[in-house]
Amino acid sequence: MQICNNIGTNEKGNLTFAGFDTVELAKKYGTPLYLMDENKIREKMRTYKKAMKKHFGDGAMPIYASKAASFKRMYRIAKEEDIGIDVVSIGEIYTALSAEYDISRAFFHGNNKTPDEISFAIENNIGYFVADSLTELESINAEAARQGKRQKVLLRITPGIDTHTNKKIATGNVDSKFGVAIATGQAYEFVGAALGFKNIDLYGYHCHVGSQVFDAETFIDAVDIMMDFSAEVKRRYGYEGEILNLGGGFGVRYVASQPDLDIENSIREVGEVLTQKCTDLNMKKPKILMEPGRSIVADAGMTLYTVGTVKQITNFKNYVAIDGGMADNPRFALYDAEYTVVTANKATLPKHYRCTLVGKCCESGDIIQEDIHIAKPEKGDTVAVLTTGAYNYSMASNYNRLAKPPVVMLADGKDYVAVKRETLEDIIRNDV
């Protein structure tokens with residue numbers, strides 16, 4: 001159970017999170033309930049910021065990958081912690097603007113940005129586009145010209161790295177919907193085209209190898225490949241990129257069997273290789289950016305549910321059904337995501353009850369976790385699913401016309417609502 005230092009138990013035998021009694025929070029706010037540890041979020045942002053400056057040098061900066069958890073409070077925290085943001089849609093841009101985040105520090109990703117999104121981003125002075133294709137470069141250039149502007153751009157380059165992670169979250173392979181591959185030679189043509197556009201200022205390159213990477217080796221490989229690429233571009237075109245964005249992807253400990261990654265040490269290892277590589281190639285060290293998302297918010301989150309039914313299929317299986325499910329956490333249904341589950345009001349009792357935790361949606365695949373061992377739950381008990389800060393709220397839907405849970409932030413002994421629980425009226429708001 002002790003997979004993160006913000007989790008414990010109290011004298012009542014209840015699970016605690018960020019120092020709060022989770023059972024009491026469930027009573028206060030109802031369930032399903034997303035909890036977020038604001039202090040943990042800030043701690044992770046500061047860890048990245050400090051380590052990157054120390055090991056990558058001046059100009060290095062973490063860029064929060066806000067798709068992991070996108071709501072106004074997160075952009076305000078990023079602003080207060082003085083880091084950049086990564087946005088992937090007009091909705092995320094609009095949310096950041098609504099939170100008064102300086103959008104000139106934002107990097108706009110996505111493999112198919114629509115004309116409306118491109119126009120809106122340039123109109124609102126987005127910092128950088130991370131261009132995914134030649135078609136997109138043409139669109140950005142045309143819209144920038146229409147608005148009488150020059151637009152800063154990074155090119156998304158596919159380094160051809162297999163991270164051995166789930167194929168649904170791997171992004172660095174040659175065969176990927178993202179970016180332009182080095183291996184095919186098209187990446188060099190991509191750079192040449194970008195340098196020829198009159199309304200585009202090319203600042204460098206972006207790559208992303210995937211998610212749930214638990215060692216520095218994958219990022220070291222990316223540095224090696226991308227710096228060789230940059231050197232060859234310089235030889236061909238006389239252009240040397242100012243920025244190298246290594247993307248995100250550092251892994252998070254969802255279950256006890258997974259390692260506890262040392263972020264600072266991993267960044268140090270990457271930094272040492274980068275410095276040596278630049279020396280060997282006689283290249284200037286680029287400004288290094290990284291885009292942590294999951295590794296900033298995942299273990300800063302927890303979801304609380306109330307048990308509805310406990311069903312035993314004799315000599316086969318036990319099912320524990322909760323009042324949420326795939327509508328508020330579709331990750332198991334998408335890619336068999338692992339989680340640690342605790343019966344929150346029985347957190348100190350033996351975990352001998354084997355069961356599958358399922359949701360209330362009308363789908364056989366509505367499963368949160370299969371074949372787990374927890375303290376035997378009963379109707380009305382509180383169940384906690386740990387490490388849900390990333391890709392839970394942001395992937396939530398109204399499937400089966402279920403209302404999305406609220407997000408409650410926990411900070412310095414105080415709890416407050418960052419996102420309100422949806423109402424029935426919210427669900428039908430756009431119906432005509």
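# Setting values against definitions

Trainee: What makes β5, helix α3 (residues 72-80) and β6 a right-handed β-α-β unit?

Mentor: The three elements make a unit of that hand, and a crossover is called right-handed if, with the strands pointing away from the viewer, the path from the first strand over the helix to the second runs clockwise. Helices (H or I, at least four residues) and strands (E, at least two) are DSSP runs, numbered from the N terminus. This is a predicted model, in which local features need pLDDT of at least 70 and side-chain atom pairs count only at pLDDT 80 or more, while totals for chains, interfaces and linings use all residues. Residues are numbered from 1 along each chain as its sequence is written, and side-chain values use heavy atoms, with hydrogens and water left out.

Trainee: How do you know that β5 and strand β6 (residues 84-87) pair?

Mentor: Two strands pair if DSSP finds at least two bridges between them, and β5 and β6 are joined by three bridges in the parallel sense. Ala65 has Asp86 of β6 as its bridge partner. β5 also pairs with strand β13 (residues 287-290), again in the parallel sense, over two bridges, and there Pro62 stands opposite Met290.

Trainee: Why is strand β5 (residues 61-65) called largely enclosed by the rest of the structure?

Mentor: Five of its five residues are buried, so the strand is largely enclosed by the rest of the structure; buried means under 20% relative accessible area, exposed over 50%, and partly exposed in between (1.4 Å probe, protein chains only). Met61, Ile63 and Ala65 point one way from β5, Pro62 and Tyr64 point the other way, and all are buried.

Trainee: Why is Thr382 called buried?

Mentor: A relative accessible area of 7% lies under the cut-off, so Thr382 counts as buried. Thr382 lies in strand β19 (residues 382-386) and touches Val23, Ala26, Leu304, Tyr305, Val342, Thr343, Ala344 and Asn345, not counting residues up to four places away in sequence, where contact means heavy atoms within 4.5 Å.

Trainee: How do you know that the span of helix α2 (residues 38-56) is close to the expected one?

Mentor: The expected span is 1.5 Å times one less than the number of residues; for the 19 residues of α2 that gives 27 Å, and the helix reaches 27 Å from its first C-alpha to its last. Its buried residues include Ile41, Met45, Tyr48, Met52 and Phe56. Just after α2, Gly57 takes a positive phi of about 100°.

Trainee: What makes β1 (7-9) and β3 (20-21) edge strands?

Mentor: β1, β2 and β3 form an open sheet in that order, with antiparallel pairing, and each of the edge strands, β1 and β3, pairs on one side only. Two bridges join strand β2 (residues 15-17) to β3, with Phe17 opposite Phe20.
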